[in-house]
Each structure stands twice: as C-alpha cells, then as structure tokens.
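Trainee: Could you take me through the aromatic pairs here, slowly and in some detail? I'd like one connected picture of that part.

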Amino acid sequence: MLSSFRLNFPCAVQGTIFSQRKQLTHGCTNQNSKDYYLVQDSCMLHSEKPLRRTLFLSVLVSTGFFPTLSSYGKTKGKNPYDENRLLQQNRRIQKENNAPEEFPNFIREGFQVKIVSSENYVKSDSGLIYRDFVVGEGDCPKDGQQVTFHYVGYNESGRRIDSSYMQGTPAKIRMGTKALVPGFEEGIRDMRPGGKRRIIIPPELGPPVGPSTFFSAKQFEVFDVELLSVQNCERRTVAFYSDVICN
C-alpha cells in the first residue's frame, strides 16, 4: 500500500514528481525527523546528505519505479511514419481480405498515401492509374454511346465493396452523361470491347464523400472492369413520349 511504502527523498521533490498526479500529499510536518514517509495526509523531511538522496532517486528511476518517465523517453524519438511497417500491414490486411493477385499496395499515414505497384501500371496526367490485362478489339466508346460492362470494386485494404457479378447482371451506362464517377469514366473511355482493365482512382477523381453518400472518407478506389460491348444510341420520339434507344 502507498501509506506503508518508504521513500528516502525530500518532501520538496515530491510535489514536482507527482505534479500530474494531483499531489498525493497535503504538506510537510515534523521537519526535524530523520525519516521520510509518504502517507495520506502528511510527510516527514529526511535529513541525509544531498548526494545520497540523488543516488537513491536515480535508483528509483533506473529500476522502473516511474514507468511513465522511461516509456516517454523510448517513444518520444520514434518515427510514426515507418514506411516498411505500413507496407507490411497493408499486405497482411489485403491477404486477409482475399485481394486479387498483383493488387496494388497503399502506404497510408494520415492523408499521405504512397502506391506500391508493379511496372505494368500506367499513370495518366490526371492521376488515374490503370493496367490492361486484356486489350480487347474494336472501337473505344464515345460520348452518347452505351457501354455494357462488369466490374468489381475494392478499397485500399483489398476488401470488395461492390460487384456486378454478384448482382447477376452487367452495368449499362451512356458515356458523357456524368452518370459515372469521373475516374471510372476516364478509365473505360479508351478501352475496347472484350478488354479487361484494373483502374486505380485517386480521391480527386473519385465519388463525393459525406454522410449522404456511400463513401465516408477520401480513399483510393480500385476497380476491375470487363468491357462487354459498345452500342450506338439514338433518341426516339412518339407523340409526347421521348426516349433513347441503344442498339
């Protein structure tokens, strides 16, 4: 118990060491005594030489009596941004999430993100990063045309967040109508039917974030896309009814 532990250092030092512990004692009494005890309501002053008091205090610190002081000294100089540690952590999490092969790694420390990927990836001027697994054949889609594609979406941890394969039907959208995330539309704009591509979308080209959206933080998004077809579209008007037909 604290009331029975004996400390051989002066009462004047006690108030400094425990300044962050709301001062465990309330004052000094009986200053002529030769012993010093730390009790609940009083303390007594020891009259030994300053050198012995200093040595005894050093022993207390070196033996771990004040663990907060020693731990602070160990962690103060530690660099929180350990790139290799964060890389291994991201790889471990991606493995647990069954991320696909050659999935890019993300070294994130706050808002700072570094992407680690193979040399097969290409970075565009806008910041979009992509890799073609299958190039495909035919013409690239143009504004007004309808594209039909399958996709699988992942976050930085390699966790699947969406998939048209799981929904059982491919996605269809017209190009140039701003119906897609800017980075996604840019990523499939120069694909050809039958092509398969992995797209890494930076936050500035990604979806909006906020309480009313699916995404709650600005992160990189990764999409594996398979472009199935590109179709021409035309507007059809019958009486007061008008729609767009894609063949």
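**A close look at the aromatic pairs**

Mentor: Let's start inside: F149 and F184 are both buried. Keep in mind that this is a predicted model. The ring centres of F149 and F184 sit 5.3 Å apart with the planes at 45 degrees, so this pair counts as tilted. As for where the two partners come from, F149 belongs to strand β5 (residues 146-154), while F184 is in helix α6 (residues 182-189), so the contact ties together parts that are 35 residues apart in sequence.

Now widen the view. Searching the whole structure turns up 7 aromatic pairs. One of them is F103 with Y154, an edge-to-face pair with 5.3 Å from centre to centre and 70 degrees between the planes. Over 60 degrees is what counts as edge-to-face. Y154 lies in strand β5, whereas F103 lies in the loop between α4 (83-96) and β1, so this pair ties together parts that are 51 residues apart in sequence. Both F103 and Y154 are buried.

Strand β1 (residues 105-109) runs antiparallel to strand β2 (residues 112-116), and 5 bridges join them. N105 stands opposite V116 in β2. The hairpin has 2 residues between its strands, and G110 takes a positive phi near 70 degrees.

Methods
Residues numbered from 1 in each chain as written. Predicted model: local features only at pLDDT ≥ 70, side-chain atom pairs only at ≥ 80, totals over all residues. Heavy atoms only, no water. Pairing = 2+ DSSP bridges. Helix = DSSP H or I, 4+ residues; strand = E, 2+ residues; numbered from the N terminus. Phe/Tyr/Trp six-rings, centres within 6.5 Å; stacked < 30°, edge-to-face > 60°. Buried < 20%, exposed > 50% of the residue type's maximum accessible area, 1.4 Å probe, protein only.
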